Amino acid sequence: MTTTKHNPKNGNGDSPSVHSGNGEETYQATFSPRFDIWEGDDELVLYGDLPGVDPDSLDIAFENRQLTIHGKVCNRHDDDRMLYSEYGVGDFHRTFTIGEAIDSERINAELHDGVLTLHLPKSEQAKPRRIKVTAN
């Protein structure tokens, strides 16, 4: 499995633009979340932090061996009175290239408390097996 990080910057070094409902153009960052990947006998399990993403704003797609994860995060504060902010708010985007050893029909995902867990079951051909040795 390989991973592809999404580069949210365009050729000008700016973040992609977002049009708000009132016609103003705003800028919102897109982050590449970090994932831990575990391998068991039956599956790969990916754990990624997506703080601020709710299940309705999470889009996971699998096409042409590419597993794409996109989580949308809304601004937490809409008022103009904020004096200082150190937390960046933005969407999350990450793409993984999945090998043929994964049974893509059985991929499933869970999101609990901002942690995404993806289960990628191995195909039967890719699972480890014991070879019986015979003797004459």
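Welcome to a protein with 0 helices and 11 strands, where helices (H or I, at least four residues) and strands (E, at least two) are DSSP runs numbered from the N terminus. This is a predicted model, in which local features need pLDDT of at least 70 and side-chain atom pairs count only at pLDDT 80 or more, while totals for chains, interfaces and linings use all residues. Residues are numbered from 1 along each chain as its sequence is written, and side-chain values use heavy atoms, with hydrogens and water left out.

Stop 1: Select residues 58–63 and 66–71. These are strands E7 and E8, which pair in the antiparallel sense over 6 bridges; two strands pair if DSSP finds at least two bridges between them. Glu 63 stands opposite Gln 66 in E8. Between E7 and E8 lie 2 residues, and Asn 64 in this turn has a positive phi of about 50 degrees.

**Stop 2: a histidine pair.** Now pick His 93, in strand E9 (residues 90–97). His 93 counts as buried because its relative accessibility is 16% (buried means under 20% relative accessible area, exposed over 50%, partly exposed in between, with a 1.4 Å probe and protein chains only). Show His 70 as well: a polar contact of 3.1 Å joins the two side chains. Such a contact is a pair of N or O atoms within 3.5 Å; within protein, one must be able to donate a hydrogen and the other to accept it, and residues adjacent in sequence count only if both atoms are side-chain atoms.

**Stop 3: the core.** Select Ile 69, Leu 116, Leu 118 and Leu 120, which touch the most other members of the largest nonpolar core, a set of 17 residues. Such a core consists of buried Ala, Val, Leu, Ile, Met, Phe, Trp, Tyr and Cys residues joined through side-chain atoms within 4.5 Å. E6 (43–49), E8, E9 and E11 (115–121) each supply at least two of its residues, and E11 gives the largest share, 3 residues.

**Stop 4: salt bridges.** How many salt bridges are there? The count comes to 2, a salt bridge being a side-chain nitrogen of Lys or Arg within 4 Å of a carboxyl oxygen of Asp or Glu. In one, Lys 122 meets Glu 39 at 2.8 Å, N to O. Lys 122 follows E11 and Glu 39 sits in strand E5 (residues 35–39), 83 residues apart. Lys 122 is buried, at 8% relative accessible area, whereas Glu 39 is exposed, at 61%. For the other, select Arg 106 and Asp 103, whose closest N and O atoms are 2.9 Å apart.
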